[in-house]
Protein chains: 2
Amino acid sequence: MAVYTDVADDELKAFVGEYDIGEVLACKGIAEGVENSNFLLTTEHGNFILTLYEKRVALADLPFFIALMEHLARLGVACPTPLRGRDGVALRRLCARPAAIVTFLPGMWPRRILPFHCAALGRVLALLHCAGASFALSRENDLSLSGWKSLLLSCRERAGEVAPGLSGELEKELLALEAAWPKDLPKGVIHGDLFPDNVFFHGREVSGLIDFYFACTDFLAYDLSVCLNAWCFEEDGSLNVTKARLFIEGYRGVRPLLREELEALPTLARGSAFRFLLTRLFDWLQGSQGALVRLKDPLEFLQRLRFHRSARGPSAYGVEP
Amino acid sequence: MAVYTDVADDELKAFVGEYDIGEVLACKGIAEGVENSNFLLTTEHGNFILTLYEKRVALADLPFFIALMEHLARLGVACPTPLRGRDGVALRRLCARPAAIVTFLPGMWPRRILPFHCAALGRVLALLHCAGASFALSRENDLSLSGWKSLLLSCRERAGEVAPGLSGELEKELLALEAAWPKDLPKGVIHGDLFPDNVFFHGREVSGLIDFYFACTDFLAYDLSVCLNAWCFEEDGSLNVTKARLFIEGYRGVRPLLREELEALPTLARGSAFRFLLTRLFDWLQGSQGALVRLKDPLEFLQRLRFHRSARGPSAYGVEP
């Protein structure tokens with residue numbers, strides 16, 4: 001949930017005047033997205049989302065994100081489509097920040113994950129990966145091994161405030177991940193942050209994917225491991241094997257997985273649990289810094305990480321190569 | 001800004017099913033209102049606002065607020081109109097809270113107050129007071145003298161944390177207000193909290209008033225004093241006499257003010273500055289309690305209170321009886 005910047009009405013009017021979407025009728029800050037300020041903008045032409053990119057998103061990366069959303073939307077993946085102004089430009093400035101208007105996607109993200117959500121998620125993730133194959137740009141995953149190393153360095157000293165012994169466990173984990181990390185798996189565009197609040201459903205089907213601001217080029221199977229962590233664990237910390245199996249089988253029904261990808265799942269899932277543990281830990285230790293963001297508990301992911309560490313192969317997730 | 005409660009998609013679907021507004025397309029928590037959880041609900045019929053009443057709003061008062069909005073909307077005052085379900089009921093329950101769906105009002109609240117805003121505000125406030133004259137229900141202002149007394153009692157000990165000597169100044173102020181408070185001015189329905197974020201504009205005209213959850217029966221001129229405090233001071237703490245004059249003259253153009261009402265303005269404005277100082281102080285000392293609310297500085301109103309204390313009559317606000 002985030003609204004970092006307040007937009008004055010006259011500035012907004014001038015900004016929206018660059019587009020062919022009629023006059024502004026209303027604009028309300030919404031509780032969606034954590035990195036940026038998001039507004040539900042209503043004009044004479046309907047609802048849109050206005051995003052102001054705050055400093056956590058690197059300016060240099062924005063053209064990648066905008067082009068990716070345009071590319072995916074063109075290929076029929078339900079995701080926000082950036083609007084272009086009359087001058088053909090999609091990425092402009094508002095309130096001294098980069099800003100864009102994108103289409104409004106209907107649907108709600110599921111608050112209670114049921115097995116059918118996981119199956120539908122698997123199918124749409126595979127479609128996203130297939131559509132990404134023809135995308136020309138690439139962007140390194142700055143939240144993979146080297147990024148984790150610097151995050152850990154900045155959190156190490158105070159990690160013990162969150163759980164005793166955490167710092168030592170994380171250091172050992174990073175060494176293990178560096179040693180075991182796969183080198184040669186199919187790569188492509190991944191979403192990188194496909195948590196339930198980034199996936200809208202209408203009835204039993206996915207109606208849209210949002211928040212592409214961690215998208216990058218990495219192992220496609222890593223994206224599956226993110227979803228396993230984000231969708232398939234219960235509140236008591238245990239993996240729901242039915243959800244995991246339905247998710248992976250849903251994916252395989254659209255894009256087959258290689259034996260190597262399946263066998264790498266425990267390591268990749270350790271890695272993605274480690275990544276979310278680290279970024280949450282970092283945010284936790286930083287405090288909320290005045291933004292209207294509800295901080296998330298880093299330790300949820302420690303439990304998941306330990307699960308994946310003990311997993312002997314894809315059968316831990318209910319699937320066989 | 002507030003979203004205290006998260007609504008699950010299946011519960012929402014069942015709730016909206018009680019109304020004739022088509023199927024839910026989307027529902028997003030919005031940064032509007034401080035006391036309740038507010039959502040922008042999009043259905044097949046368009047945009048609506050869904051409000052979940054949190055514990056700060058007394059259940060017993062809700063029928064008054066709902067009936068008032070219905071009454072005002074019927075008389076043409078642009079305010080949210082509560083929707084009735086197929087059973088004729090407007091106030092229902094969702095997520096174990098009282099909840100209502102109201103119409104969506106176009107417009108944006110002004111971030112930068114210009115003189116024309118104040119003139120338009122005066123006119124619409126007078127229309128609200130005139131329309132309120134035929135409203136049958138009444139509700140005591142629980143944030144007047146007796147309410148201030150109990151608020152001050154609960155804050156007194158820690159008021160010094162916010163400003164040295166604050167506690168003594170507030171106690172003296174309350175005694176002075178009790179002695180000077182008017183007894184016999186025209187009464188009726190007042191909004192009670194008409195700050196800029198509760199007034200939407202479209203162009204130069206008011207397009208809607210929202211957030212009637214402090215509405216009550218009190219001196220009509222007290223509502224003017226709230227607006228003087230909320231709209232007519234500059235960031236440096238000085239009164240903008242042009243804005244004050246335009247506001248009061250805008251009001252008088254629709255509903256004439258008695259000499260007694262004008263003469264009471266400095267006292268009433270001391271009172272309303274005191275009221276907002278106290279509630280902000282209370283919130284400040286309580287801390288945010290986990291809600292996604294940006295706390296407001298109580299001391300802004302200490303400065304305004306001191307201004308009104310030194311005002312000798314309505315001429316301090318640029319008007320003559």
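Biologist: Hi! How many helices and strands does chain A have?
Modeller: Chain A has nine helices and nine strands, where helices (H or I, at least four residues) and strands (E, at least two) are DSSP runs numbered from the N terminus. This is a predicted model, where local features need pLDDT of at least 70 and side-chain atom pairs pLDDT 80 or more, while totals for chains, interfaces and linings use all residues. Residues are numbered from 1 along each chain as its sequence is written, with chains lettered from A and ligands numbered from 1 in the order written.

Biologist: Thanks! What share of chain A is buried?
Modeller: Buried residues are 47% of its 321 residues; buried means 20 or more other C-beta atoms, placed from the backbone, within 10 Å of the residue's own.

Biologist: And how far does the C-alpha trace span?
Modeller: About 60 × 45 × 35 Å along the principal axes of chain A.

Biologist: New topic: which residues of helix 4 of chain A meet helix 8 of chain A?
Modeller: Trp148(A), Leu151(A), Leu152(A), Ser154(A) and Cys155(A) do. Among their partners in helix 8 are Phe274(A), Arg275(A) and Leu278(A). Contact here means C-beta atoms, placed from the backbone, within 7 Å.

Biologist: What about chain B, how many of its residues are in contact with chain A?
Modeller: 24 residues of chain B are in contact with 24 residues of chain A.

Biologist: Which element of chain B gives the most to that side?
Modeller: Strand 1 of chain B, with five residues. Strand 1 covers 24–29, and strand 2 (37–43) of chain B also gives two or more residues.

How values were computed
A residue is buried if 20 or more other C-beta atoms lie within 10 Å of its own, exposed if 12 or fewer, and partly exposed in between; C-beta atoms are placed from the backbone. Two residues are in contact if their C-beta atoms, placed from the backbone, lie within 7 Å.
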